[in-house]
Amino acid sequence: MATSCVVANWPERRLYEPLASDFDIHAVQWDRPGLMDQWARERVTRYRITLHDYPGTTWGVAGLCRYHAYVVKALDRVQSGPGIGVVVVADPDVLPAVIWHRITRRLRYRIIRNEVDHYAGARAPGRGGLARVKRLAFDLVEAALHTQCDVVITLNRYAKARLVRWGVPERKVIVAGLWKPDEYFAGDREAYKQALLDRGPLTRDQVRHLRGRIVVSFMGLFYRGTHLRELLEAAKGFPNEFAVIVAGKGHDLPVVQEYASRCPNVLFLGWRNDDELRELARVTDIMYQPLNPDDNANWKYFGSTNKVFEAIAAGCMFIGSANNERADLNAEAEFAVELDFRRDLVTQLSNLFRTLLADPEFLRARQRNARRLFQRYNHAAAVDVVRPYFDLSLRS
(Lines give C-alpha, C1' and ligand atoms only; values in the text may rest on other atoms or scores of the structure.)
Protein backbone atom coordinates (compact mmCIF):
# COMPACT_ATOMS: atom_id res chain seq x y z
CA MET A 1 0.00 0.00 0.00
CA ALA A 2 1.13 3.53 -0.75
CA THR A 3 0.17 7.11 -1.50
CA SER A 4 1.05 6.39 -5.12
CA CYS A 5 0.10 3.92 -7.84
CA VAL A 6 1.52 0.85 -6.13
CA VAL A 7 0.36 -1.47 -8.92
CA ALA A 8 2.58 0.29 -11.48
CA ASN A 9 5.52 1.01 -9.19
CA TRP A 10 8.50 -1.18 -10.02
CA PRO A 11 9.72 -1.86 -6.44
CA GLU A 12 6.32 -3.33 -5.57
CA ARG A 13 5.94 -5.12 -8.89
CA ARG A 14 9.13 -7.07 -8.30
CA LEU A 15 7.47 -8.44 -5.15
CA TYR A 16 3.96 -9.18 -6.30
CA GLU A 17 4.85 -10.67 -9.69
CA PRO A 18 6.74 -13.71 -8.32
CA LEU A 19 4.44 -14.04 -5.31
CA ALA A 20 1.10 -13.87 -7.09
CA SER A 21 0.72 -17.64 -7.35
CA ASP A 22 1.13 -18.12 -3.59
CA PHE A 23 -0.75 -15.15 -2.12
CA ASP A 24 -4.08 -13.40 -2.42
CA ILE A 25 -2.85 -9.89 -3.21
CA HIS A 26 -4.72 -6.74 -2.23
CA ALA A 27 -3.36 -3.36 -3.37
CA VAL A 28 -4.38 -0.32 -1.33
CA GLN A 29 -3.32 2.86 -3.08
CA TRP A 30 -3.93 6.56 -3.42
CA ASP A 31 -2.95 7.18 -7.02
CA ARG A 32 -1.99 10.84 -6.58
CA PRO A 33 0.32 10.92 -9.66
CA GLY A 34 -2.51 9.58 -11.85
CA LEU A 35 -0.56 6.58 -13.19
CA MET A 36 -3.39 4.07 -13.06
CA ASP A 37 -3.73 3.70 -16.83
CA GLN A 38 -4.96 0.80 -18.97
CA TRP A 39 -1.56 -0.90 -18.73
CA ALA A 40 -1.74 -0.85 -14.93
CA ARG A 41 -5.30 -2.19 -14.97
CA GLU A 42 -4.16 -5.07 -17.15
CA ARG A 43 -1.64 -5.97 -14.45
CA VAL A 44 -4.43 -6.01 -11.86
CA THR A 45 -6.22 -8.60 -13.98
CA ARG A 46 -3.09 -10.59 -14.85
CA TYR A 47 -1.99 -11.03 -11.24
CA ARG A 48 -5.50 -11.35 -9.75
CA ILE A 49 -5.01 -8.30 -7.56
CA THR A 50 -7.93 -6.95 -5.56
CA LEU A 51 -7.59 -3.18 -5.94
CA HIS A 52 -8.62 -0.77 -3.19
CA ASP A 53 -8.29 2.58 -4.98
CA TYR A 54 -8.74 5.59 -2.70
CA PRO A 55 -10.77 8.31 -4.48
CA GLY A 56 -9.34 11.29 -2.55
CA THR A 57 -7.93 14.26 -4.42
CA THR A 58 -6.62 16.80 -1.89
CA TRP A 59 -3.11 16.22 -0.56
CA GLY A 60 -2.17 17.53 2.88
CA VAL A 61 -2.47 16.59 6.52
CA ALA A 62 -6.26 16.39 6.40
CA GLY A 63 -6.20 14.40 3.17
CA LEU A 64 -3.61 12.00 4.56
CA CYS A 65 -5.67 11.43 7.71
CA ARG A 66 -8.68 10.58 5.56
CA TYR A 67 -6.52 8.15 3.60
CA HIS A 68 -5.35 6.58 6.88
CA ALA A 69 -8.99 5.94 7.78
CA TYR A 70 -9.48 4.35 4.33
CA VAL A 71 -6.42 2.13 4.86
CA VAL A 72 -7.76 0.89 8.21
CA LYS A 73 -11.15 0.08 6.69
CA ALA A 74 -9.50 -1.71 3.77
CA LEU A 75 -7.39 -3.80 6.15
CA ASP A 76 -10.50 -4.67 8.16
CA ARG A 77 -12.21 -5.86 4.97
CA VAL A 78 -9.27 -8.05 4.02
CA GLN A 79 -8.94 -9.46 7.54
CA SER A 80 -12.63 -10.36 7.62
CA GLY A 81 -12.22 -12.23 4.33
CA PRO A 82 -9.05 -14.15 3.45
CA GLY A 83 -7.11 -12.71 6.40
CA ILE A 84 -3.81 -10.83 6.45
CA GLY A 85 -0.43 -12.57 6.47
CA VAL A 86 1.83 -9.68 5.53
CA VAL A 87 1.39 -6.01 4.72
CA VAL A 88 3.90 -4.39 2.37
CA VAL A 89 4.19 -0.66 2.94
CA ALA A 90 5.71 1.28 0.06
CA ASP A 91 6.11 4.65 1.78
CA PRO A 92 6.30 5.92 5.37
CA ASP A 93 3.14 8.03 5.00
CA VAL A 94 1.08 4.83 5.30
CA LEU A 95 2.95 3.26 8.21
CA PRO A 96 1.01 5.00 11.03
CA ALA A 97 -2.29 3.56 9.83
CA VAL A 98 -0.91 0.03 9.42
CA ILE A 99 0.87 0.00 12.79
CA TRP A 100 -2.22 1.39 14.53
CA HIS A 101 -4.41 -1.24 12.84
CA ARG A 102 -2.17 -4.13 13.88
CA ILE A 103 -1.97 -2.95 17.50
CA THR A 104 -5.63 -2.06 17.99
CA ARG A 105 -6.89 -5.26 16.30
CA ARG A 106 -4.34 -7.37 18.21
CA LEU A 107 -3.21 -9.04 15.02
CA ARG A 108 0.14 -10.67 14.30
CA TYR A 109 0.64 -10.06 10.59
CA ARG A 110 4.10 -9.02 9.44
CA ILE A 111 4.82 -5.48 8.26
CA ILE A 112 7.40 -5.28 5.49
CA ARG A 113 8.57 -1.80 4.64
CA ASN A 114 9.58 -2.01 1.02
CA GLU A 115 12.23 0.18 -0.61
CA VAL A 116 13.30 2.82 1.84
CA ASP A 117 14.59 5.10 -0.89
CA HIS A 118 13.71 8.54 0.39
CA TYR A 119 15.21 10.53 3.23
CA ALA A 120 12.40 12.61 4.69
CA GLY A 121 14.92 15.12 6.02
CA ALA A 122 15.52 16.18 2.42
CA ARG A 123 12.30 18.18 2.78
CA ALA A 124 14.22 20.54 5.09
CA PRO A 125 17.28 21.62 3.08
CA GLY A 126 19.74 24.12 4.44
CA ARG A 127 22.42 24.31 7.09
CA GLY A 128 20.77 26.63 9.57
CA GLY A 129 19.52 25.70 13.01
CA LEU A 130 15.86 25.50 12.01
CA ALA A 131 16.60 23.15 9.11
CA ARG A 132 18.64 20.90 11.39
CA VAL A 133 15.84 20.77 13.94
CA LYS A 134 13.35 19.83 11.22
CA ARG A 135 15.63 17.07 9.93
CA LEU A 136 16.02 15.73 13.46
CA ALA A 137 12.25 15.69 13.86
CA PHE A 138 11.85 13.78 10.59
CA ASP A 139 14.53 11.31 11.73
CA LEU A 140 12.81 10.70 15.05
CA VAL A 141 9.42 10.10 13.44
CA GLU A 142 10.81 7.78 10.78
CA ALA A 143 12.88 5.91 13.37
CA ALA A 144 9.81 5.33 15.54
CA LEU A 145 7.83 4.06 12.53
CA HIS A 146 10.50 1.80 11.08
CA THR A 147 11.37 0.16 14.37
CA GLN A 148 7.79 -1.18 14.39
CA CYS A 149 8.33 -3.03 11.11
CA ASP A 150 9.32 -6.68 10.97
CA VAL A 151 11.46 -6.26 7.86
CA VAL A 152 12.87 -3.16 6.19
CA ILE A 153 14.07 -3.54 2.59
CA THR A 154 16.42 -0.83 1.41
CA LEU A 155 18.70 -0.11 -1.50
CA ASN A 156 22.34 -0.02 -0.44
CA ARG A 157 24.77 -0.19 2.46
CA TYR A 158 24.61 3.60 2.92
CA ALA A 159 20.85 3.50 3.34
CA LYS A 160 21.13 0.52 5.68
CA ALA A 161 23.70 2.32 7.84
CA ARG A 162 21.38 5.28 8.19
CA LEU A 163 18.45 3.09 9.21
CA VAL A 164 20.60 1.40 11.85
CA ARG A 165 21.66 4.83 13.15
CA TRP A 166 17.96 5.66 13.42
CA GLY A 167 17.61 2.72 15.79
CA VAL A 168 16.26 0.03 13.48
CA PRO A 169 17.83 -3.31 14.55
CA GLU A 170 20.36 -4.43 11.95
CA ARG A 171 18.77 -7.90 11.81
CA LYS A 172 15.59 -6.32 10.41
CA VAL A 173 17.29 -4.53 7.50
CA ILE A 174 18.05 -6.25 4.23
CA VAL A 175 19.62 -4.75 1.12
CA ALA A 176 18.00 -5.52 -2.22
CA GLY A 177 18.55 -2.83 -4.83
CA LEU A 178 16.14 -2.12 -7.65
CA TRP A 179 17.58 -5.06 -9.58
CA LYS A 180 15.87 -5.70 -12.91
CA PRO A 181 14.77 -8.70 -14.97
CA ASP A 182 16.58 -9.54 -18.20
CA GLU A 183 14.13 -7.63 -20.38
CA TYR A 184 16.14 -4.52 -21.27
CA PHE A 185 18.89 -5.97 -23.47
CA ALA A 186 18.71 -6.59 -27.21
CA GLY A 187 22.32 -7.26 -28.13
CA ASP A 188 22.24 -5.60 -31.56
CA ARG A 189 20.91 -2.14 -30.79
CA GLU A 190 21.06 -0.88 -34.34
CA ALA A 191 19.01 -3.79 -35.67
CA TYR A 192 16.45 -3.42 -32.88
CA LYS A 193 15.62 0.12 -33.99
CA GLN A 194 13.59 -1.43 -36.79
CA ALA A 195 11.70 -3.49 -34.19
CA LEU A 196 10.61 -0.27 -32.48
CA LEU A 197 9.03 0.78 -35.75
CA ASP A 198 7.44 -2.61 -36.39
CA ARG A 199 6.05 -2.91 -32.84
CA GLY A 200 4.73 0.63 -32.70
CA PRO A 201 6.50 2.55 -29.89
CA LEU A 202 8.18 4.87 -32.41
CA THR A 203 7.21 6.41 -35.74
CA ARG A 204 9.19 6.07 -38.95
CA ASP A 205 10.52 9.61 -38.59
CA GLN A 206 11.62 9.01 -35.00
CA VAL A 207 13.45 5.81 -35.93
CA ARG A 208 15.13 7.68 -38.78
CA HIS A 209 16.62 10.10 -36.26
CA LEU A 210 17.99 7.18 -34.20
CA ARG A 211 19.60 5.18 -36.98
CA GLY A 212 23.37 5.39 -37.12
CA ARG A 213 23.57 7.53 -33.97
CA ILE A 214 24.76 6.85 -30.43
CA VAL A 215 21.56 6.93 -28.36
CA VAL A 216 21.45 8.57 -24.93
CA SER A 217 18.27 8.22 -22.90
CA PHE A 218 16.63 9.80 -19.90
CA MET A 219 13.38 8.05 -19.06
CA GLY A 220 11.38 8.80 -15.92
CA LEU A 221 10.23 11.78 -13.90
CA PHE A 222 11.74 15.16 -14.77
CA TYR A 223 12.14 16.27 -11.16
CA ARG A 224 14.34 19.13 -9.99
CA GLY A 225 18.05 18.43 -10.23
CA THR A 226 18.03 16.03 -13.17
CA HIS A 227 20.44 18.30 -15.10
CA LEU A 228 18.52 17.55 -18.27
CA ARG A 229 19.21 20.99 -19.72
CA GLU A 230 22.95 20.35 -19.67
CA LEU A 231 22.56 17.01 -21.48
CA LEU A 232 20.35 18.50 -24.19
CA GLU A 233 22.60 21.52 -24.63
CA ALA A 234 25.62 19.26 -25.14
CA ALA A 235 23.76 16.93 -27.51
CA LYS A 236 22.67 19.90 -29.61
CA GLY A 237 26.25 20.24 -30.80
CA PHE A 238 26.33 16.67 -32.21
CA PRO A 239 23.18 16.47 -34.38
CA ASN A 240 24.47 13.74 -36.71
CA GLU A 241 26.34 11.62 -34.17
CA PHE A 242 24.09 11.49 -31.08
CA ALA A 243 20.35 11.20 -30.45
CA VAL A 244 18.65 11.74 -27.11
CA ILE A 245 15.48 9.89 -26.13
CA VAL A 246 13.54 11.68 -23.39
CA ALA A 247 10.37 10.06 -22.02
CA GLY A 248 8.53 11.22 -18.93
CA LYS A 249 6.95 14.22 -17.28
CA GLY A 250 7.55 16.61 -14.41
CA HIS A 251 9.33 19.81 -13.42
CA ASP A 252 11.70 20.09 -16.40
CA LEU A 253 9.04 19.32 -19.00
CA PRO A 254 9.19 22.85 -20.54
CA VAL A 255 12.96 22.50 -20.93
CA VAL A 256 12.58 19.18 -22.75
CA GLN A 257 9.81 20.46 -25.00
CA GLU A 258 11.82 23.55 -25.93
CA TYR A 259 14.90 21.56 -27.00
CA ALA A 260 12.84 18.92 -28.79
CA SER A 261 11.09 21.63 -30.83
CA ARG A 262 14.35 22.93 -32.31
CA CYS A 263 16.80 19.98 -32.16
CA PRO A 264 15.91 17.08 -34.49
CA ASN A 265 18.17 14.72 -32.56
CA VAL A 266 16.19 15.26 -29.32
CA LEU A 267 13.14 12.97 -29.28
CA PHE A 268 10.55 13.76 -26.62
CA LEU A 269 8.16 10.81 -26.36
CA GLY A 270 5.89 11.94 -23.54
CA TRP A 271 4.92 9.58 -20.75
CA ARG A 272 5.43 5.88 -21.56
CA ASN A 273 4.55 2.75 -19.60
CA ASP A 274 7.15 0.28 -18.37
CA ASP A 275 6.76 -2.13 -21.29
CA GLU A 276 7.56 0.66 -23.75
CA LEU A 277 10.47 1.90 -21.64
CA ARG A 278 12.03 -1.55 -21.77
CA GLU A 279 11.70 -1.49 -25.54
CA LEU A 280 13.43 1.89 -25.68
CA ALA A 281 16.21 0.65 -23.40
CA ARG A 282 17.07 -1.99 -26.00
CA VAL A 283 18.24 0.69 -28.44
CA THR A 284 19.90 2.85 -25.78
CA ASP A 285 23.69 3.04 -25.68
CA ILE A 286 23.99 5.38 -22.70
CA MET A 287 21.65 6.12 -19.79
CA TYR A 288 21.88 9.50 -18.09
CA GLN A 289 21.07 10.45 -14.52
CA PRO A 290 23.51 12.56 -12.49
CA LEU A 291 22.26 13.26 -8.95
CA ASN A 292 24.16 15.85 -6.95
CA PRO A 293 23.69 15.48 -3.16
CA ASP A 294 24.10 19.25 -2.90
CA ASP A 295 20.88 19.58 -4.91
CA ASN A 296 18.96 17.20 -2.66
CA ALA A 297 20.15 15.67 0.60
CA ASN A 298 18.11 12.57 -0.21
CA TRP A 299 20.65 11.54 -2.83
CA LYS A 300 23.46 11.25 -0.32
CA TYR A 301 21.87 8.12 1.11
CA PHE A 302 19.09 6.98 -1.18
CA GLY A 303 20.21 8.28 -4.57
CA SER A 304 20.14 4.89 -6.23
CA THR A 305 17.23 4.83 -8.59
CA ASN A 306 15.87 2.57 -11.28
CA LYS A 307 18.15 4.07 -13.91
CA VAL A 308 21.36 2.58 -12.48
CA PHE A 309 19.98 -0.93 -12.55
CA GLU A 310 18.22 -0.44 -15.88
CA ALA A 311 21.59 0.54 -17.34
CA ILE A 312 23.15 -2.61 -15.91
CA ALA A 313 20.34 -4.80 -17.27
CA ALA A 314 20.42 -3.09 -20.67
CA GLY A 315 24.20 -3.26 -20.94
CA CYS A 316 24.44 0.52 -21.21
CA MET A 317 27.16 2.92 -20.23
CA PHE A 318 25.88 5.16 -17.44
CA ILE A 319 26.52 8.88 -17.05
CA GLY A 320 25.96 9.75 -13.43
CA SER A 321 27.45 10.78 -10.14
CA ALA A 322 29.95 9.28 -7.72
CA ASN A 323 27.72 8.81 -4.69
CA ASN A 324 26.40 5.83 -2.70
CA GLU A 325 26.42 2.47 -4.46
CA ARG A 326 26.73 4.09 -7.87
CA ALA A 327 30.38 4.50 -6.96
CA ASP A 328 30.53 1.02 -5.39
CA LEU A 329 29.20 -0.62 -8.55
CA ASN A 330 31.52 1.36 -10.78
CA ALA A 331 34.50 0.29 -8.67
CA GLU A 332 33.40 -3.32 -9.05
CA ALA A 333 33.19 -3.08 -12.85
CA GLU A 334 33.69 0.26 -14.55
CA PHE A 335 30.48 0.95 -16.44
CA ALA A 336 29.89 4.62 -15.64
CA VAL A 337 31.32 8.04 -16.31
CA GLU A 338 31.02 10.15 -13.18
CA LEU A 339 30.43 13.87 -13.58
CA ASP A 340 32.13 16.51 -11.43
CA PHE A 341 29.52 18.98 -10.24
CA ARG A 342 32.20 21.52 -9.40
CA ARG A 343 32.87 21.98 -13.11
CA ASP A 344 30.65 22.94 -16.03
CA LEU A 345 28.54 19.92 -17.00
CA VAL A 346 27.97 20.95 -20.62
CA THR A 347 31.72 21.11 -21.20
CA GLN A 348 32.24 17.73 -19.54
CA LEU A 349 29.50 16.11 -21.60
CA SER A 350 30.72 17.65 -24.85
CA ASN A 351 34.25 16.41 -24.17
CA LEU A 352 32.89 12.95 -23.33
CA PHE A 353 30.96 12.83 -26.60
CA ARG A 354 34.13 13.67 -28.51
CA THR A 355 35.95 10.89 -26.67
CA LEU A 356 33.25 8.38 -27.59
CA LEU A 357 33.47 9.35 -31.25
CA ALA A 358 37.26 9.16 -31.30
CA ASP A 359 37.45 5.88 -29.36
CA PRO A 360 34.42 3.58 -29.84
CA GLU A 361 36.01 0.97 -27.55
CA PHE A 362 35.58 3.40 -24.62
CA LEU A 363 31.82 2.93 -24.90
CA ARG A 364 31.84 -0.77 -25.74
CA ALA A 365 34.02 -1.68 -22.75
CA ARG A 366 31.65 0.03 -20.33
CA GLN A 367 28.65 -1.62 -21.92
CA ARG A 368 30.27 -5.04 -21.47
CA ASN A 369 31.03 -4.23 -17.83
CA ALA A 370 27.40 -3.29 -17.23
CA ARG A 371 26.28 -6.73 -18.35
CA ARG A 372 28.98 -8.29 -16.17
CA LEU A 373 27.41 -6.56 -13.18
CA PHE A 374 24.00 -7.86 -14.23
CA GLN A 375 25.18 -11.41 -13.54
CA ARG A 376 25.07 -10.48 -9.85
CA TYR A 377 22.58 -7.62 -9.63
CA ASN A 378 19.49 -8.99 -11.34
CA HIS A 379 15.83 -9.56 -10.64
CA ALA A 380 16.20 -13.24 -9.82
CA ALA A 381 18.82 -12.44 -7.19
CA ALA A 382 16.58 -9.76 -5.65
CA VAL A 383 13.66 -12.19 -5.44
CA ASP A 384 15.91 -14.77 -3.77
CA VAL A 385 16.85 -12.18 -1.14
CA VAL A 386 13.31 -11.14 -0.18
CA ARG A 387 11.33 -14.34 -0.82
CA PRO A 388 12.16 -16.02 2.54
CA TYR A 389 10.58 -13.13 4.46
CA PHE A 390 7.28 -13.73 2.71
CA ASP A 391 7.49 -17.50 3.03
CA LEU A 392 7.59 -17.04 6.82
CA SER A 393 4.07 -15.62 6.68
CA LEU A 394 2.89 -18.70 4.81
CA ARG A 395 4.19 -20.91 7.62
CA SER A 396 2.93 -18.78 10.49
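This is a predicted model: local features need pLDDT of at least 70, side-chain atom pairs count only at pLDDT 80 or more; totals for chains, interfaces and linings use all residues.
Two or more lining residues are supplied by each of α1, β1 (26–29), α3 (61–80), β3 (86–89) and α17 (379–395). The greatest contribution to the lining of this pocket, four residues, is made by α1. The space in the second largest pocket amounts to about 610 Å³. Classified by residue type, its lining consists of 21 nonpolar, four polar and two charged residues.

Thr3 is situated in the segment that precedes α1 (10–19). The relative accessible area of Thr3 is 4%, and Thr3 is therefore classed as buried, the limit for that class being under 20%. When neighbours within four places in sequence are set aside, the contacts of Thr3 are with Trp30, Arg32, Pro33, Trp59, Leu64, Tyr67, Asp91, Asp93 and Val94. Thr3 and Asp188 lie 185 residues apart along the chain, and a distance of 39 Å separates their C-alpha atoms.

Arg272 occupies the loop that connects β9 (266–268) with α11 (274–281). With a relative accessible area of 14%, Arg272 is likewise under the 20% limit and so counts as buried. Two backbone oxygens are approached by the side chain of this arginine. A polar atom of the Arg272 side chain lies 2.9 Å from the backbone oxygen of Pro201, and the side chain of Arg272 also reaches the backbone oxygen of Leu269 at 2.9 Å.

Positive phi values in residues other than glycine were examined next. Arg48, in the loop between α2 (38–46) and β2 (50–53), has a phi near 55°. The relative accessibility of Arg48 is 52%, which places this residue in the exposed class because the value is over 50%. Asn324 also has a positive phi, of about 40°, although it is not a glycine. Asn324 belongs to helix α14, which spans residues 324–332. At 5% relative accessibility, Asn324 counts as buried, whereas Arg48 counts as exposed.

Methods:
Residues are numbered from 1 along each chain as its sequence is written. Side-chain values use heavy atoms; hydrogens and water are left out. Buried means under 20% relative accessible area, exposed over 50%, partly exposed in between (1.4 Å probe, protein chains only). A polar contact is a pair of N or O atoms within 3.5 Å; within protein, one must be able to donate a hydrogen and the other to accept it, and residues adjacent in sequence count only if both atoms are side-chain atoms. Contact means heavy atoms within 4.5 Å. On a 1 Å grid over the protein atoms alone, a cavity is a set of points where a 1.4 Å probe fits but cannot get out, and a pocket is an open set with protein on both sides within 12 Å along at least five of seven lines; lining residues have an atom within 4 Å of a point. Grid points are joined across faces, edges and corners, and a volume is the space filled by probe spheres set on the points. Ala, Val, Leu, Ile, Met, Phe, Trp, Tyr, Cys and Pro count as nonpolar, Asp, Glu, Lys and Arg as charged, and the others, Gly among them, as polar.
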